[in-house]
Amino acid sequence: MYFNPRGLDNAGKTTILKRLNGEDVNTISPTLGFNIKTLEHRSFKLNIWDIGGQKSIRSYWRNYFESTDGLVWVVDSADVRRLEDCKAELHALLGEERLAGATLLVFANKQDLAGALSSNEIRKALELDTIHSHHWSIQWCSAVTGEKLLDGVDWLIDDIASRIFTMD
Amino acid sequence: MTKRLDRLQEKRQAKVDKQRQGKDDNVAVQDSVYEFSTRFQHEKRSIEEMLDQCSSMESKSIPDQLDSVAIAMEKLEKFVGDSSQFIPSFTLRQAQENLNKLRNHIETTREQYMPKKKFAFKSRKKVAASKPLLSSSTTATQDDTRKIIQAKDQDSMDTGALARRLCDYSNQENQTLEITTDEISSKDVKLSQLKNCTVRIQGYPSALQIDHLQNCTILSGPVSSSVFVDRCHDCKIVVACQQLRIHSSTDIHFYIGVTSRAIIEDCTRFMFTSYNWSYPSIEQHFTAANLDKNSLSSSAIDDFNWLRIDQPSPNWSVLPEEDKIQNWVG
């Protein structure tokens, strides 16, 4: 399965990836290019393409959409100020033809921070309920503590697996 | 596209092979179904017994009982989820129906004994937590799952609401703000819309957001995760942290210690030098923030607007030693 974590810079994409892979998360620099990892979970092979979220490299995102099964949208839940920006980027992304049919998982990350909005607040702010073009779900998590990351990944795998199964 | 189809084909083939193998091994499958059903029935009965016990219990011990029920329920759901790989879909469907009935039973019992208590939400959250594991069958159940997850999340975050605004300092002019450990211990701090202010954070925030500052001096103790600076002009920012990102700002003197690489984007006229603030308990704060004082850097900086490596970025330089402020007191 091909997973594409996306989101604004400082959302925690690389930290989620490294936490899932059991690597040290205390030495991560902001991503200048991208990290590619292949992980195994529940006997599924997950190919993860983690690309930096800085404004100046977001235009390159679209070059790495080929054969995406799961789109993982990572949100810094404590960054209230940029939620509008976050919403616009997400909805623009969902319009991408090459992402049609991909399952969307929204991670309301950084729940370890006191100032984090709940995933329900994030759902409203990002207007997730208006999304009908993709299967989606939102999961709160903390990449730093690792909480709920697997719940999200499991949901994503199940959704993708059921889609592929239905095609049979 | 063909690649994708090939991949799907491979997966299908693997699945067909697996199924074929399963048929050869029919006895084993039946065994595992039997095992599954036995254990499922057993756990289901024990949950039902726990619910029945509520009627003969003192009211103060009921919340604990219901919490145990929730934990048992979560276990059972996880068990079904984990088993969904190898049990036939009919058995799985039956199990899911049983789970739904049981869930309703729990809810009714809960409402009967603990109407409108906050605990109810908390435990319902636990129950819902492992639900996604079961949601792979139809779109309808996925929708249901989604609703449950959302309902759960709304409740589980209530506690955060109160603490939320406490560390938000905004819309001030000509002020000196002293922020101490008690106020911010391990919390995230936001500074925004400040003009001609001095902010001294003697503590270890878990994260720091700085936005829209004009002519300010910001001093902060060690930050355990990231610092995000946006739209600031004519400032001095003194901070030690794990990550530092700076956007759309100009004319800033940074006194920084970062354990990874700092990045700037759409910034000009920056000067960087090393972190040199000190206050009585700063050593303890470094330990509390889990920052290694020996691995701090002030010159590992990437400019997203300057990706050439043969020439240095024109947007920042090192602050000359003689211009460096040595004493931040007063």
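Helices and strands are here DSSP runs, a helix having at least four residues and a strand at least two, numbered from the N terminus. The model examined is a predicted one. Under this assignment, D303(B) lies in strand β12 of chain B, which covers residues 301-303.

The side chain of D303(B) instead forms a polar contact of 2.7 Å with the side chain of S313(B). When residues up to four places away in sequence are left aside, D303(B) touches I264(B), S313(B) and N315(B).

Chain A contains 4 helices and 6 strands, which follow one another along the sequence in the pattern β-α-β-β-β-α-β-α-β-α. Of its 168 residues, 60% are buried. Among contacts in chain A between residues at least 6 apart in sequence, 72% link residues that are at least 24 apart.

Helix α2 of chain A comprises the 12 residues 83-94. At 1.5 Å a residue, this helix should span 16 Å, and the computed distance of 16 Å between its end C-alpha atoms therefore agrees with expectation. The buried residues of α2(A) are L83(A), C86(A), K87(A), L90(A), L93(A) and L94(A). Viewed down the helix axis, these buried residues fall within an arc of 130 degrees, so they line one face of α2(A). An α-helix has 3.6 residues a turn, and residues three or four places apart therefore point the same way. The face of α2(A) turned away from the buried side carries the exposed residues E84(A) and A92(A). The cover over the buried residues of α2(A) includes the strands β1 (2-6), β4 (70-76) and β5 (103-109), together with helix α3 (119-125), of chain A.

Positive phi values in residues other than glycine were also examined. One such residue is N10(A), with phi near 75 degrees. N10(A) is located in the loop between β1 and α1 (13-20) of chain A, and its relative accessible area of 5% places it among buried residues. Another is R231(B), with phi near 50 degrees, in the loop between β7 (223-230) and β8 (233-247) of chain B. R231(B) is partly exposed, with a relative accessible area of 35%.

Terms used
Residues numbered from 1 in each chain as written. Chains lettered and ligands numbered in written order. Predicted model: local features only at pLDDT ≥ 70, side-chain atom pairs only at ≥ 80, totals over all residues. Heavy atoms only, no water. Expected span 1.5 Å × (residues − 1). Buried < 20%, exposed > 50% of the residue type's maximum accessible area, 1.4 Å probe, protein only. Arc of directions from axis to C-beta. Contact = heavy atoms within 4.5 Å. Polar contact = N/O pair within 3.5 Å; in protein donor to acceptor, adjacent residues only side chain to side chain.
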